[in-house]
Amino acid sequence: MTRTDKMKLGTFVYTFGFHPASWLHPASDVNGANDFAHLLDVAKRSEAAKFDFMFMADSPAAAVGDANALARIPTKMNRFEPLSLLSALAVTTDNLGLVATVSTSYYEPYNVARLFSSIDHLSRGRACWNVVTSDHDETGYNFNREGLDPHALRYERGNEFVDVVFGLWDSFEEGALLLDRETGVYYDKSKHHTLNHKGKHFQVRGPLNIARTPQGRPVIAQAGGSEPGMDMAARTAEIVFSLASNIERNRAFYENVKRRMPAYGRDADDLKIMPGIVINVGETEAEARAKVDYLIDKMHPDVGRLMLSEFLEADLHDVALDQPFPMERLPAAPKGSRALFDELVDFVTSGHTVGELIRHYAEKHTGNGMTGTPSQIADFMEEWFETRAADGFILMFPTLPSSLDDFVRLVLPELRRRGLFREEYEGRTLRENLGLSMPANRFAKTQAAGR
C-alpha cells in the first residue's frame with residue numbers, strides 16, 4: 001500500500017437493492033419500502049462494518065411511462081421522503097454518516113439550510129446533503145413546471161442556491177451560544193450574522209435560526225460528469241459520485257476535478273472521489289456469476305426497456321431483443337448524466353443488441369462494477385484506489401441486505417488484511433471519518449481580517 005489514507009466506503013440504498021428485480025429475491029423483505037425496521041437494519045449492518053455513510057438516493061416523484069413495466073419496479077413508485085428517514089436514522093445510529101438527495105430545483109435555500117442543520121445536530125455531526133439539480137421530467141410537473149428547466153439554468157440556479165445555503169450555515173459563529181444563566185444572556189449577538197443575499201434567483205435575508213452544527217456545516221456530496229457539474233464539484237463538493245466505467249476514464253475525471261480546486265482556494269484532499277460500483281461477490285467466480293444471472297433472469301424485459309427508454313429518451317417498445325440498438329434514436333446529448341450516457345453509447349456502438357444492452361444495464365446500471373471472488377474484487381478496488389482513480393467507492397449492492405452481507409463477510413476482511421480499510425472509526429463526525437477539514441466561517445474570517 002502506497003497511500004497513507006484509507007479507502008472510503010458508502011452503502012447506496014434503494015429500498016430492496018440496486019437491481020430492479022431485487023424485490024423478487026427470496027432474501028428481501030417485500031414489505032421493506034414502508035418498514036423503517038428494514039432500512040434501520042441496513043444502516044446498522046453498514047455501521048457495524050465501519051462504512052463511512054449510507055446514501056439515500058431519491059426523486060420526489062413517482063415514475064411515469066409504461067404502466068406494465070412500472071408495476072414491476074416498486075423502488076420507482078413507493079419510497080420514503082429521505083429527510084424524514086434521515087431524521088429517524090439520526091437518533092437510532094451512532095457513527096454512520098447519513099446522506100440524502102435534495103434538489104436545488106424544487107426547494108428554497110432557507111428550507112434546506114434549516115433541515116440539514118437540524119439533522120446534523122440530531123445525529124451529532126453525521127449529515128450530508130447530496131446536491132442535485134434533477135434530471136427527470138416527471139419531477140417538474142409536481143412543482144409548477146412543465147417538465148425540466150434547461151440544463152444551464154438548473155446549474156446557474158443550483159450554484160446560487162448552494163452559495164446561499166453556505167451563507168446561512170455561517171449565521172452563527174463558533175462559540176456564539178453563551179448560555180450564561182448568571183447574566184441571562186443566551187447568545188452573543190455580535191456572532192450572529194444576517195446574510196442579506198440578493199441574487200438573480202434568490203433573495204434571502206437570514207439569519208438562520210439554528211446554531212452552527214457539530215461539523216461546522218453538513219458535508220456536501222454531488223454527482224455530475226458535465227463541465228458545469230465538475231466545476232460545481234470543485235468549488236463546493238466534499239464527496240463526488242463518479243460514473244466512469246473504466247480506470248483510465250475515472251483517473252482522468254479524478255485529476256480533472258481536483259486540479260480545478262486550487263482556483264477556488266481549496267485543497268484537493270478536501271474532496272473524495274467515490275465511483276459508484278455494483279459488486280457481485282461469491283466464493284467462486286461461478287457462484288458470483290450465478291447471483292447476477294438469477295436477478296437478470298427475474299427481470300421482465302419490459303422493465304429493461306423502460307429503464308433504457310427513460311434515460312436515453314429513446315422509445316424501444318417496437319425493437320426486438322435480438323436486434324441491434326437503433327442508433328438513430330439516440331439523442332445528440334443527454335438530459336441526465338453525461339458520464340452514464342457516454343458509457344451506454346460505447347456499449348451499443350460496439351454492436352450489441354437491445355437484449356444484451358438490457359442485461360448489461362441491469363447488471364451494472366452505472367456502467368461500472370465487478371463480479372468475482374473476494375480477491376478479484378479487492379484487486380479491482382485496490383488498483384483504483386492506489387492509482388488515484390478513486391478515494392473510495394459507493395457500493396451499489398444488487399440486493400439488500402444480502403449483497404451487503406456478502407461483501408462484509410467476503411471482501412471486507414481482504415481489504416483490511418491489505419491495510420486499505422479501517423478497523424474502527426477515526427472520529428465522531430462524518431467530516432472527521434472522511435478526513436475533511438472544518439470549514440471556516442466567512443463572518444469570523446472577515447472580522448479577523450479587519451483587526
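This is a predicted model: local features need pLDDT of at least 70, side-chain atom pairs count only at pLDDT 80 or more; totals for chains, interfaces and linings use all residues.
Residues are numbered from 1 along each chain as its sequence is written, and side-chain values use heavy atoms, with hydrogens and water left out.

On the surface, a nonpolar patch is formed by Leu 177, Leu 179, Tyr 186 and Tyr 187, which together have about 400 Å² of accessible area. Such patches are made of residues with over 30% relative accessible area and no salt bridge, where like charges are joined within 9 Å and nonpolar side chains (Val, Leu, Ile, Met, Phe, Trp, Tyr) within 5 Å; accessible areas come from the Shrake-Rupley method with a 1.4 Å probe, and for residues only the protein chains shown count as cover. Strand 5 (177–180) and strand 6 (185–187) each supply at least two residues of the patch. Helices (H or I, at least four residues) and strands (E, at least two) are DSSP runs, numbered from the N terminus.

Attention now turns to two helices. The axes of helix 6 (residues 151–169) and helix 7 (residues 227–236) come within 11 Å and cross at roughly 5 degrees. Helix 6 is therefore roughly parallel to helix 7, a label for angles under 35 degrees. Axes are lines fitted to C-alpha atoms, for helices over the stretch in contact, and angles run from 0 to 180 degrees between N-to-C directions. The contact (heavy atoms within 4.5 Å) involves residues including Tyr 155 and Phe 166 of helix 6 and Met 232 of helix 7.

Lys 200 forms one with Glu 156, the closest N and O atoms being 3.1 Å apart. Lys 200 lies in the loop between strand 7 (197–198) and strand 8 (203–204) and Glu 156 in helix 6, so the pair ties together parts that are 44 residues apart in sequence. Lys 200 is exposed, with a relative accessible area of 66%, whereas Glu 156 is partly exposed at 35%; buried means under 20%, exposed over 50%, and partly exposed in between (1.4 Å probe, protein chains only).

A further salt bridge joins Arg 212 to Asp 170, with the closest N and O atoms 2.9 Å apart. Both Arg 212 and Asp 170 are buried.

How values were computed
A salt bridge is a side-chain nitrogen of Lys or Arg within 4 Å of a carboxyl oxygen of Asp or Glu. Angles under 35 degrees count as roughly parallel, over 145 as roughly antiparallel, 65 to 115 as roughly perpendicular and the rest as oblique.
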